Amino acid sequence: MTQITIVIPAAGASRRMGERDKLLEPVDGKPLLHGVAERALAVCGDVIVTLPSLTHPRASVLEGLSVRQIPVPDADDGMSASLRRAGALVPDTAEGVMILPADMPDLTEDDLRHVIQAFSDASSEFLVQATGAGGTPGHPVIFPSDLLPEFQNLTGDAGARAILQANRHRLIRVALPGENALTDLDTPDAWTVWRANNPDR
């Protein structure tokens, strides 16, 4: 079975939400971050969650889940800070690392398994990026382990986009249902629209 590590970057300030924390918003009866971590654990035995600190309210919603909580004191540097710290902690046995955004409520366990299977089918040598049903690039993305050293050179808030672009000749895209790979909720308006379209969640 292909060995991967899932990294959930959850150290950002959620500034666009005003007084609310998007990762603590309730989805399916639990905080969003808790649900995303549960789905990650259902498909992977090694899950890293980056946090602003280990005393942050986000840490409390992960209680009882066997994830590795990693503080990111330089989180103001952007998502790159999370990826640098998490990337350094991926075990040598991992064949790849999946970057799973914490603010995407529609990604399912089956979606994650589908992306992991594509990575395995490609002999763990290619990057695999999920897309919407229409082919629009989205998340999550799996990076082969030989690219992990490049995480240490990341800066700013663009995540690992530079690594993705530099290795697009090794990129495989996998379509997921609907807009599962595209729906991220980082503003109050986005949450309002999503809740109107998903009244049972």
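Which residues are linked with Asp74 in a network of salt bridges? Asp77, Arg84 and Arg85 are its partners in that network. Here are some views to explore the rest.

**View 1. The whole chain, a predicted model with six helices and nine strands.** This is a predicted model, in which local features need pLDDT of at least 70, side-chain atom pairs count only at pLDDT 80 or more, and totals for chains, interfaces and linings use all residues. Residues are numbered from 1 along each chain as its sequence is written, and side-chain values use heavy atoms, leaving out hydrogens and water. Helices (H or I, at least four residues) and strands (E, at least two) are DSSP runs, numbered from the N terminus. A compact globule of 201 residues would have a radius of gyration near 17 Å, and the chain agrees with its 16 Å. That radius is taken over C-alpha atoms, and the globule rule is 2.2 Å times the number of residues to the power 0.38.

View 2. Buried means under 20% relative accessible area, exposed means over 50%, and partly exposed is in between (1.4 Å probe, protein chains only). Take contacts between residues at least 6 apart in sequence: 70% of them join residues at least 24 apart. Contact here means heavy atoms within 4.5 Å.

**View 3. Arginine 195 meets glutamate 25.** Their side chains form a salt bridge at 3.0 Å, N to O. Arginine 195 sits in helix H6 (residues 188-197) and glutamate 25 in the loop between strand S1 (4-9) and strand S2 (26-27), so the pair ties together parts that are 170 residues apart in sequence. A salt bridge is a side-chain nitrogen of Lys or Arg within 4 Å of a carboxyl oxygen of Asp or Glu, and the structure holds 14 of them. Arginine 195 is partly exposed at 28% relative accessibility, while glutamate 25 is buried at 10%.

**View 4. Arginine 201 and aspartate 28 pair up.** The closest N and O atoms of this salt bridge are 3.0 Å apart. Arginine 201 belongs to the segment after H6 and aspartate 28 to the loop between S2 and strand S3 (30-31), so parts 173 residues apart in sequence are tied together. Both partners count as partly exposed: arginine 201 has 28% relative accessibility, and aspartate 28 has 40%.

**View 5. Aspartate 74 and arginine 85, part of the network.** A salt bridge joins these two side chains (3.0 Å, N to O). Aspartate 74 lies in the loop between strand S5 (68-71) and helix H3 (79-87), with arginine 85 in helix H3, 11 residues apart. Aspartate 74 is partly exposed with a relative accessible area of 23%, and arginine 85 is partly exposed at 33%.

**View 6. Alanine 11 and its contacts.** You'll find alanine 11 in the loop between S1 and S2. Alanine 11 is buried at 6% relative accessibility. What does alanine 11 contact, leaving aside neighbours within four places in sequence? Its contacts are Thr50, Leu51, Pro52, Arg58, Val72, Ala75 and Ser82. The C-alpha atoms of alanine 11 and valine 72 are 6.5 Å from each other, with the two residues 61 apart along the chain.
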